[in-house]
Amino acid sequence: MLQVDLPTSGEAVNNGDTIDIGGWTDGARVDVYLDGPAGVGTGIGTTMVDGARPDVARVTGHADLANSGFDLYWDPTDLSAGPHTLYVYSLVNGSWIMQTAGFYSAGNMLPEPERGADNESNMVG
């Protein structure tokens, strides 16, 4: 079993934001790729499955899913404008299962850092 709760379908994601890729699974590990499956898409990261999800245990009736949550935090910096897809894989009993999650990006540019009195380049040595 694998359920991706975040980001929600059609959510707007901007460069520079911290995005929580989260959900639950009965697997041991989660790998995430952007805009293509494993071997094609860009690898975003890997996380272990150990987050508290008493809601999942209660709804499914499986007490062993009480710690089935995962969260992988991602800070995109160069997303192009338009639709994108996350390919989320879970390693369950030695086999990989996959679910996708779609989102949109404005393709915004990150602002240049401001130069000010606290900036290192303005320090007197």
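Reply: Here is a walk through the aromatic pairs, and then through the strands and the core around them.

A quick word on the ground rules: this is a predicted model, where local features need pLDDT of at least 70, side-chain atom pairs count only at pLDDT 80 or more, and totals for chains, interfaces and linings use all residues. Residues are numbered from 1 along each chain as its sequence is written, and side-chain values use heavy atoms, with hydrogens and water left out.

In sequence order the pattern reads β-β-β-β-β-α-β-β-β. Of the 125 residues in the protein chain, 37% are buried; buried means under 20% relative accessible area, exposed over 50%, and partly exposed in between, with a 1.4 Å probe and protein chains only.

Now the rings. Rings of Phe, Tyr and Trp (its six-membered ring) pair if their centres lie within 6.5 Å, and planes under 30 degrees apart count as stacked, over 60 as edge-to-face and the rest as tilted. By that rule there are three aromatic pairs. Take Tyr33 and Tyr89: their ring centres are 5.8 Å apart and the planes sit at 90°, so this pair is edge-to-face. Tyr33 belongs to strand β4 (residues 29-34) and Tyr89 to strand β7 (residues 82-92), so the pair ties together parts that are 56 residues apart in sequence. Tyr89 counts as buried, at 13% relative accessibility. Trp74 and Phe103 also make an edge-to-face pair, with 6.1 Å centre to centre and 70° between the planes. This pair too links distant parts of the chain, since Trp74 is in strand β6 (residues 69-74) and Phe103 in strand β8 (residues 95-105), 29 residues apart. Both partners are covered: Trp74 counts as buried at 13% relative accessibility, and Phe103 is buried with a relative accessible area of 1%. Back at the tyrosines, Tyr33, Tyr89 and Trp96 form one aromatic cluster.

What else touches the tyrosines? Leaving out residues up to four places away in sequence, Ala38 touches Tyr33 and Tyr89, contact being heavy atoms within 4.5 Å. Ala38 is in the loop between β4 and β5 (42-48) and counts as partly exposed, at 39% relative accessibility. The C-alpha atom of Ala38 is also 7.8 Å from that of Tyr87, although 49 residues separate the two along the chain.

Two strands pair if DSSP finds at least two bridges between them. β4 and β7 pair antiparallel over six bridges, and Leu34 stands opposite Leu86 in β7. On β7 itself, eight of its eleven residues are buried. β7 also runs antiparallel to β8, joined by eleven bridges, with Gly102 in β8 as the bridge partner of Thr85. The β7 and β8 hairpin has two residues between the strands, and there Asn93 takes a positive phi near 50°.

The strand that carries Trp74 sits in another arrangement. β1, β3 and β6 form an open sheet in the order β1-β3-β6, with antiparallel pairing. β1 (2-6) and β6 stand at the edges with a single partner strand each, so one side of each is left without a neighbour in the sheet. Strand β3 (residues 19-25) pairs with β6 antiparallel over six bridges, and the bridge partner of Gly22 in β6 is Asp71.

Finally, the core. A nonpolar core is a set of buried Ala, Val, Leu, Ile, Met, Phe, Trp, Tyr and Cys residues joined through side-chain atoms within 4.5 Å. The largest one has 18 residues, and Ile21, Val32, Ile44, Trp74, Leu86 and Val88 touch the most other members. At least two residues of this core come from each of β1, β3, β4, β6, β7 and β8. Across the protein chain, 58% of the contacts with a separation of 6 or more are between residues 24 or more positions apart.

Notes: Helix = DSSP H or I, 4+ residues; strand = E, 2+ residues; numbered from the N terminus.
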